[in-house]
Structures are given as C-alpha cells and as structure tokens.
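Open your viewer and settle in for a short tour.

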Amino acid sequence: QSPCGAVPYTYSIGKYEVTNAQYAEFLNKVAATDPNALYSTGMDIDAAFGGITRSGSSGSYSYAAKSGFASKPVTYVSFWDAARFSNWLQNGQLTGLQTSLTTEDGAYTLTPAAIAANSVLRNLTASVFLPSENEWYKAAYYDPIAGLYYDYPTGTDTVTGCVAPGADTGNSANCYPYAFPPGSLTNFGAYALSDSPSGTFDQGGNVYEWHEQIKVGRYRGLRGGAWLV
C-alpha cells in the first residue's frame, strides 16, 4: 500500500550521505578551474552548515573540508552537481578538466540543451547514479525480511525522535527541532542505532537527498530531512 517504492531488480545504495571530505576530493580532481560551478561560495561563507573552503585562483583552485566538517554531509549541492559527482565516480575518479571523461558523461549525458530542458535521464550503461524515487523509498522504508513498508526509515511505525546523537537509543535522527539552532549537522553514522532495515543511515534526518525523478516543471526530487540545500 506504499505510494511508491516498487523496484523489481537488485540494486545497491550508499550507506551514508556524501561527506564534505568526499566532495572536496572530487573538487580537487576536477575543479582546478570550475566552469560548471561545482563549488558554491555558500560552502565557505555559511559558518554553520557550509563545510568546504576554496583557495587559489582559477586554474589552480584547491579545496579542503573545514575543521570539524570532514565527516558531515556536504551542502549547497545542486542536482546537476550531484549528477556530475556520479559521473566522476562512474568514470573512475579521474583527474582532469570537466569533460565527458570526468563529469559530463557516464551515468548521465549532460549537455547545455538537456540541462536547460531538464530532460536528462539515467543512461542504460550507468553503474553509479543517483537513485530513482522508488529506489530511494525502498531503501528507506522497506523491510525485505518482513516483506512490508514501515512509516519511518528506521524500521518502525513509531514517530522518529529528533534528538542529539548522544541520546540515540534507536529510531532517532538529526531532525527538527534538534537540527536547527542550537543543533547542527551531524557526522555520518552518528545515529548508529537508527539504520533502516537495509542498513542505510540518515534517510530521515541531517540533510535532504537528491533523487533523479523529474518533478513538476524544472524540478528534481528531494527526500529525507532536515537541512534544505
């Protein structure tokens, strides 16, 4: 009776959200110059939620996770940034300009016209990609042993508790009101007792997560919770 989540094939999904350290590695490999704006200045100037700094000038930019932010999920990432990160992973994490060999093809073929039309779809040869809404939903809510969908992505129908990581007793998350001042983003795996039946974490808290479904107009889908960007 779930509104979505039917996936009739085997697939894998990331256990944790992508961290600032991982995204900074990506930037250092492909964004010495950054024509596609994979880096957002919000990652630097937002002291509370931005987690990456940039130094140098175009042609020799370098990037680093801020102190204390390496294991927190990256923010200020657009859908197209996430698609290019997926392409880079599929292409073997190469170093170079932002071309079809690194960021512009692979899981997704990204052209200016296709991006403007918001018509980009997953390539049939894709092996590393953003989840569809069904794939995301199934990983969060479906229990393959019990053969049912739960209401919350911690393997339960009981409302998730929004608490600090140290208070995690299971079915907990970094979600409102904890996620906003005086709260903050939390490290991946901080809620070690609150994974989904599939073993994923933070699908109900920390930051929203992109999926590839085309929504109304020019929008792509977001699932999960707490911090918007």
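Start with a cartoon view: the protein has five helices and eight strands (DSSP runs numbered from the N terminus, H or I of at least four residues for helices, E of at least two for strands). This is a predicted model, where local features need pLDDT of at least 70 and side-chain atom pairs count only at pLDDT 80 or more, while totals for chains, interfaces and linings use all residues. Residues are numbered from 1 along each chain as its sequence is written, and side-chain values use heavy atoms, leaving out hydrogens and water.

Along its principal axes it spans about 50 × 40 × 30 Å.

Switch to a surface coloured by burial. Of the 229 residues, 44% count as buried, meaning under 20% relative accessible area with a 1.4 Å probe, protein chains only.

Which residue of strand 8 is the bridge partner of Glu209? Click on Arg223 to see the partner.

Then follow the chain through the turn. Strand 7 and strand 8 form a hairpin with five residues between them. Select Gly217 in that turn, where phi is positive, at about 70°.

Definitions and conventions:
Buried < 20%, exposed > 50% of the residue type's maximum accessible area, 1.4 Å probe, protein only. Pairing = 2+ DSSP bridges.
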